[in-house]
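Reader: I have a structure open and want to talk through how it packs. Can you take my questions as they come?
Author: Go ahead.

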Amino acid sequence: TDKSPDEIFDLFFDSELTGLFEEGKISPQEFFLKVKEILNLKLDYDEFVPIWNEIFFLTKENLAVYNLARQLKSHYKLALVSNINILHFEYLKKKFAHLFDAFHNIITSYEVGVRKPAPLIYRKALEAFDASSEQVFYTDDRPELARGAKDLGIRAFVFKGIEQLKKDLINSGVQVN
């Protein structure tokens, strides 16, 4: 492509096109064709998909959060609420399937049809557990997404590392071993 790294980043992380894909409003093939056009790519779909998907990796912090979630799961109902497209989600389910066992329920933007911070996606999580917003603890690494949950009365915190997460949980009345 003749596009700069910043232009590519903006397309993939902060564009209407990616928003439509994460909301399930366009298919993977439609997304690819628009990306191919915008970036002047010389790839076909089968070459694009692995490049698009292979951006995920496990870090020490990811594993620490996973281990904490596994501990909490035996005492609390846990949901993963994610802004994600179907290609990434299917890839993650294959490559990191074991990580999903920490959750009772998974709410994805492409299935719900909206992305965080739209209230509907948080409400779907509340409905999944028949819970009121006051009963829920939520964390997100993006402040505007935590704010979206907080606007519904959910105890929401910005994720700032595993130790801060544990403190936020304890201060919210969640028992952490």
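Reader: Let me start with a loop. Where is Asn 40?
Author: Asn 40 sits in the loop between α3 and α4. Keep in mind that this is a predicted model.

Reader: What is the phi of Asn 40?
Author: The phi of Asn 40 is positive, about 55°, although Asn 40 is not a glycine. Most residues other than glycine have a negative phi.

Reader: How exposed is Asn 40?
Author: Asn 40 is partly exposed, since its relative accessible area is 34%.

Reader: Now a different pair. How do α5 and α10 pack, parallel or perpendicular?
Author: The angle between α5 and α10 is about 25°, with the axes 10 Å apart. α5 and α10 are therefore roughly parallel to each other.

Reader: What makes the contact?
Author: On the α5 side, Glu 61, Ala 64, Val 65, Leu 68 and Leu 72. On the α10 side, Ile 162, Leu 165, Lys 166 and Leu 169. The contact of α5 with α10 divides into seven nonpolar, no polar and two charged residues.

Reader: Which residues of the largest nonpolar core touch the most other members?
Author: Leu 68, Leu 72, Leu 92, Leu 165 and Leu 169, in a core of 20 residues. Two or more residues each come from α5 (60–73), α6 (86–95) and α10 (162–171). α5 gives the most to this core, with four residues.

Reader: What does Leu 165 touch?
Author: Leaving out residues up to four places away in sequence, Leu 165 touches Leu 68, Phe 137, Thr 139 and Phe 159. As a general point, nonpolar side chains in soluble globular proteins tend to be buried together.

Reader: Switching to α9. Which residues are buried there?
Author: In α9 (residues 143–150), the buried ones are Leu 145, Ala 146, Gly 148 and Ala 149. Seen down the axis of α9, the buried residues fall within an arc of 150°, so they line one face of the helix.

Reader: What do the buried residues of α9 pack against?
Author: They pack against α8 (119–129), β3 (137–140) and β4 (155–158).

Reader: Last one. Is the peptide bond from Lys 116 to Pro 117 cis or trans?
Author: The bond from Lys 116 to Pro 117 is cis, with omega near 15°. Most peptide bonds are trans. Pro 117 is in the loop between α7 (109–112) and α8.

Definitions and conventions:
Residues numbered from 1 in each chain as written. Predicted model: local features only at pLDDT ≥ 70, side-chain atom pairs only at ≥ 80, totals over all residues. Heavy atoms only, no water. Core = buried A, V, L, I, M, F, W, Y, C linked by side-chain atoms within 4.5 Å. Buried < 20%, exposed > 50% of the residue type's maximum accessible area, 1.4 Å probe, protein only. Contact = heavy atoms within 4.5 Å. Arc of directions from axis to C-beta. Axes fitted to C-alpha atoms, helices over the stretch in contact; angles between N-to-C directions. Parallel < 35°, antiparallel > 145°, perpendicular 65-115°, else oblique. Nonpolar A, V, L, I, M, F, W, Y, C, P; charged D, E, K, R; others polar.
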